Amino acid sequence: MKLDHDAEIGRFRAEVRSFIEAHRPVGQALHKAGVRAPDPDDIPALRKWTAQVFDAGYFGGDWPVEWGGTGAQDPLRATVVGEEIARARVPAPLGAGLLAAMSLIHFGRQEQKQRYLPRIRTGEDIWCQLFSEPGAGSDLASLQTRARRDGDCFVINGQKVWTTNGHHAERGYLLARTNPDVPKHAGITAFAIDMDSSGIDVRPLREITGTSDFNEVFFDDVRIPAENVIGAVDRGWEVATTSLVHERSGVGTAGVVLLRAVTDAARMAGILHRGERPAIENDAIRQVLGRLYAAARVNILLGQYNLSRALTGSADAGDAPLAKILYSETNLAVCEFGLGLQGTDSLLTEDDPKAIGNGWWQDAFLYARALTIAGGANEVLRNIIAERALGLPKEPRVS
Amino acid sequence: MDFSLSDEQELLVRSTRQLLTRDSPISRVRELADKAEQGFDPRVWEKGGDLGWPALPIPTEYGGLDGDLVDVALITKEHGRTVQPGPLVSHVLVALAILRSTRDDLRSRLLPDLATGETVATWAFAEPGQAWDAGGVHTEAVEHSGGFRLNGVKTAVQDAGHARLILVTALLDGELAQFLVDAGAPGLTVRRQRTIDVTRRLDEVVLVDVVVPASALLNAPGPADSAVAYQLRCGAVLISAESLGVGERVLDMTVDYAKVRTQFGRPIGSFQAVKHKCATMRMGLQASSAATYYAAMAVTSDTRDAEEAVAVAKAYTSQTIADLTSEALQVHGGIGFTWEHDLHLYHRRAKANQVLFGDPFLYHERLAAMLASSVG
């Protein structure tokens, strides 16, 4: 066991930090809490930001050299980039491009890589992920959207939901059922799809936060070329799970967000009052503050612990899910605390001129539930930990 | 950051686990618990001495192994796996205190015997009903014919009944000071306490006009403040590591049980209600490991955030592992509630470890104070 005093990593962190300060995108809605789809007005700035981050090698560094990366797997540097982006509260590159890129790099054909990967790096193509359906959220494999072979094309019919950035995206990363007569995991195929294809209808959903980050996407006889299949027909489950592993481990490194929120809450507690005294002098509030600070630190340390396990080959299937659960549950507790500190003002939202911090904590609180559900509901992740990491028997399935 | 074990550490852990499973399995620990006066098995302590437990953090020039706090933490974790009795933690803390004091004469005089474990030492710090910090110290030392006279009551002193040397933290002119007291000194009495943790011996030490020579002063007012803070940090780390062993073993027991125990025609481990508890236990254990090992490294390297790292680790781990053993009891159902089942021994140890070297209330307050001053 040793502490990391790697001067090289320290220099890299400083470099990333000053890069972010120099290039951080400015926009109307970028200060909002939670992982949000941007206002349309902010999108040009976000495309530019995406291009800059890739160009600097902070994202996509682990891609093969011919697609602009260095080919080097460097999870330590990737973690530093994730932490610094979180610390600075700037958005990560827009859309599901990284997720789609992972599947294309692992499973895509040469011409697919050629067509899509460069445009992800330059921010020209925003991707959305077309996985979840009204009847298939946590049980993703039960999806019903159909892709029927017809000559050189597949014809898509069905509906997706919870599609982040669906209303901004040029491309979609789609899972659809190509074979209904085999076990449910075995009949799914992954596709790259142009979002301006005829027959696609994107309808923004208004969410609990009052904003529209997600969409419903309807497919009515949408024809897409068979060359858009990623990997092999009926083998899409493998493609999807490979990229989802990537998503969950990314969520785990976001402990820095928590630490920043707890620090902000402490600052707020120094300004707001409980009776005659600053809230931060109240013993009950101090106890919760201390507990949440510890929890936020533990989240960061768990991320580093899991990274160390991954680098030494001792990680298991439970690591990424448990980091995600701990993060999203701590986040909920921190948001509730920040809101609760405000007393009667906790009722006021961003539409009210007297809302504290323009309603950031109210947004954060309402958004917090998205994180305990998205990327695998915590209950489903607990099943994964129990079954794959602890070896408990599977839930009996009716199939 | 690298949390993996070196080859030497792997070997140390393996040999310790072998020794404890062979010579001091849980059945033997139960026997010791039932024999009120025994406390721990001197033969196991001796064999542990051969493996180098007490010698680990002591430099080679004093007969030690030149290891660090992380090494000791790995050993205390193994002790937790079988809820071992014995003075390891407090003994090591006294050795560390002597090592870091300005008393060069004491290092060469005392450390070789502490390194072999031949002399058992313990630290008398906490006082009845007080929080486990400097503010809870009321034992008083006054100068007395060239030496000092000590008066006060200490609680939860590990294995004082077997110790030859007791490090007493007291107030001298209202400031912290530390004295090395011979356990046989007139006026010093030891009473075995009945505690929630039946597998570990904790004692009350009463000092009534105990007279010690001037040379017994290990840390004078001033230097004693940071010495005590350091000892508390090390103690909090070691007891947290012990809790990791408790949690690891209890999770194993619980998962094993959930796989074989059937109800309604299937293993209870196939029910989500049980699975989710086990997954939460696993999550708490892994997060506690990260926090505790980081704290051990931070204290070893004396990083700027060492105090904070310890507060985080102790508050989080002690609460989380106590919750873990509590949930394990729920999964075990009625059988877990019996005296015959080993689970309560672990549950008790976890609950005791929550208090020893500072409870979550204390550390949450300390973290809040740090946070208030950093944003204020």
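This report covers the interface, the cysteines and a few individual residues of a predicted model.

## The interface between chains A and B

Chain B puts 50 residues in contact with 47 residues of chain A. About 4,500 Å² is buried between the two chains. Carbon and sulfur atoms give 68% of that area. Three residues stand out on the chain B side: M1(B), R282(B) and M283(B). Together they supply 15% of the area that chain B buries against chain A, more than any other three residues.

K275(B) and E387(A) form a salt bridge through their side chains, with 2.6 Å from N to O.

## What chain B brings to the interface

Several elements of chain B each supply at least two residues of the side that touches chain A. They are helix 4 (69-81), helix 7 (223-260), strand 10 (266-267), helix 8 (272-301), helix 9 (306-332) and helix 11 (360-375). Helix 8 of chain B gives the most, with 18 residues.

How does this side of chain B divide by class, and how many residues are nonpolar, polar and charged? It has 30 nonpolar residues, 12 polar and 8 charged.

## Cysteines

A search of the whole structure finds 0 disulfides over all chains. A disulfide needs the two sulfur atoms within 2.5 Å.

C128(A) is buried, at 0% relative accessibility. C234(B) is likewise buried, at 0% relative accessibility.

Most residues other than glycine have a negative phi. D159(B) is not a glycine, yet its phi is positive, at about 50°. F264(B) is not a glycine either, and its phi is positive, at about 55°.

Both sit in loops. D159(B) is in the loop between strand 3 (147-158) and strand 4 (165-172) of chain B. F264(B) is in the loop between strand 9 (262-263) and strand 10 of chain B. F264(B) counts as exposed, because its relative accessibility is 78% and the cut-off for exposed is over 50%.

## Two buried arginines

R171(A) belongs to strand 4 (residues 171-177) of chain A. R171(A) is buried, with a relative accessible area of 14%. Its side chain makes a polar contact with the side chain of D125(A), at 2.7 Å. Leaving out residues up to four places away in sequence, R171(A) touches a set of residues including Y116(A), R119(A), D125(A), W127(A) and M195(A). The buried cysteine C128(A) is also one of the residues that R171(A) touches.

R349(B) is in helix 10 (residues 343-355) of chain B. R349(B) is buried too, at 0% relative accessibility. Beyond its neighbours within four places in sequence, R349(B) is in contact with V83(B), Q84(B), P85(B), D197(B), T199(B), R200(B), E242(B) and V246(B).

Terms used:
Residues are numbered from 1 along each chain as its sequence is written. Chains are lettered from A and ligands numbered from 1 in the order in which they are written. This is a predicted model: local features need pLDDT of at least 70, side-chain atom pairs count only at pLDDT 80 or more; totals for chains, interfaces and linings use all residues. Side-chain values use heavy atoms; hydrogens and water are left out. Buried means under 20% relative accessible area, exposed over 50%, partly exposed in between (1.4 Å probe, protein chains only). Contact means heavy atoms within 4.5 Å. Buried area is the accessible area (1.4 Å probe) that two parts lose on being put together, summed over both. A salt bridge is a side-chain nitrogen of Lys or Arg within 4 Å of a carboxyl oxygen of Asp or Glu. Helices (H or I, at least four residues) and strands (E, at least two) are DSSP runs, numbered from the N terminus. Ala, Val, Leu, Ile, Met, Phe, Trp, Tyr, Cys and Pro count as nonpolar, Asp, Glu, Lys and Arg as charged, and the others, Gly among them, as polar. A polar contact is a pair of N or O atoms within 3.5 Å; within protein, one must be able to donate a hydrogen and the other to accept it, and residues adjacent in sequence count only if both atoms are side-chain atoms.
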